[in-house]
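Please look through the chain below before reading the notes.

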Amino acid sequence: METKSIGIFVGSLRKGAYSKSTANYIGQALARHYQVVFVEMGNLLLFNQDYDDEGTTPAQWVAFRSQVGQLDACLFVTPEYNRSMPAVLKNALDIGSRPYGCNLWDGKPAAVVGVSPGRIGGAMGVGALRVPLAFLNLRLMMQPEVYLSDAAELFNEQGELTNASTAKFLDRFVDAFERWIG
Ligand SMILES: Cc1cc2nc3c(=O)[nH]c(=O)nc-3n(C[C@H](O)[C@H](O)[C@H](O)COP(=O)(O)O)c2cc1C
């Protein structure tokens, strides 16, 4: 049987992003059973419907859509920006949802992980992101919820997770997500 592929979408483009460090930890665990792909979104031009209507679809959009189309499942790991989701994620969702009738997200199992150096773990960013994910008909795992707060204290300078209870918690999340995908 072919190994299923999981696309990981990290909502921060920052070099030292806690969300990327979190995604790395989860990605390593998932890689025991799945092909894990970190999907590039920082190179995507801002969505403009004219590009598709006028046949000038950017090459990066074409490559991105092809990559998303081949995924069996999606994991979104994100900070919260101004109590919502970072624009890079919304832009990627929009690009993957069009042209009309070609929603590439449709039916894919998915989960969202929130990460923040603050106290509410990106909860509002996760909540905002769930709205378009539900509309786009991804099959969203709702439990366990993951809102990693105080993220600056969870990782060492190399971005490795050093907090044992968080590692245990994320391992349980990975088990649940694997069952969800299965
Ligand atoms: C534009 C912007 C808006 C932010 N808004 C929030 C917010 O609403 N809630 C929050 O907890 N942190 C907020 N932060 C702080 C981020 O949580 C913090 O910069 C975090 O490190 C970003 O995630 P990353 O480490 O994955 O890059 C904001 C940061 C930026 C740059």
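1. What percentage of the 182 residues in the chain do buried residues make up? The share is 37%, where buried means that 20 or more other C-beta atoms, placed from the backbone, lie within 10 Å of the residue's own. This is a predicted model, in which local features need pLDDT of at least 70 and side-chain atom pairs count only at pLDDT 80 or more, while totals for chains, interfaces and linings use all residues. Residues are numbered from 1 along each chain as its sequence is written.

2. The chain has six helices and six strands, taken as DSSP runs (H or I, at least four residues, for helices; E, at least two, for strands) and numbered from the N terminus. Their order along the sequence is β-α-β-α-α-β-α-β-α-β-β-α. The chain is as compact as a globular protein of its length, because its radius of gyration, 16 Å, is close to the 16 Å that the globule rule gives for 182 residues. That radius is taken over C-alpha atoms, and the rule is 2.2 Å times the number of residues to the power 0.38.

3. Strand β1 (residues 5-10) has five of its six residues buried. Strands count as paired if DSSP finds at least two bridges between them. β1 runs parallel to strand β2 (residues 35-38), with four bridges, and Gly-7 has Val-37 of β2 as its bridge partner. Between β1 and β2 the chain passes through helix α1 (residues 18-30) in a right-handed β-α-β crossover. Right-handed means that, with the strands pointing away from the viewer, the path from the first strand over the helix to the second runs clockwise.

4. β1 is also parallel to strand β3 (residues 73-78), with five bridges; here Ile-8 is partnered by Leu-75. Six of the six residues of β3 are buried, so this strand is largely enclosed by the rest of the structure. In a regular strand, side chains alternate between the two faces of the sheet. In β3, Ala-73, Leu-75 and Val-77 are buried on one side, and Cys-74, Phe-76 and Thr-78 on the other.

5. Five bridges join β3 in the parallel sense to strand β4 (residues 109-115), and Thr-78 stands opposite Gly-114. The crossover from β3 through helix α4 (residues 87-96) to β4 is right-handed.

6. Around the ligand are 15 residues, each with its C-beta atom, placed from the backbone, within 6 Å of it. The closest are Ser-12, Ala-17, Ser-19, Pro-79 and Gly-118.

How values were computed. Buried ≥ 20, exposed ≤ 12 C-beta atoms within 10 Å, placed from the backbone.
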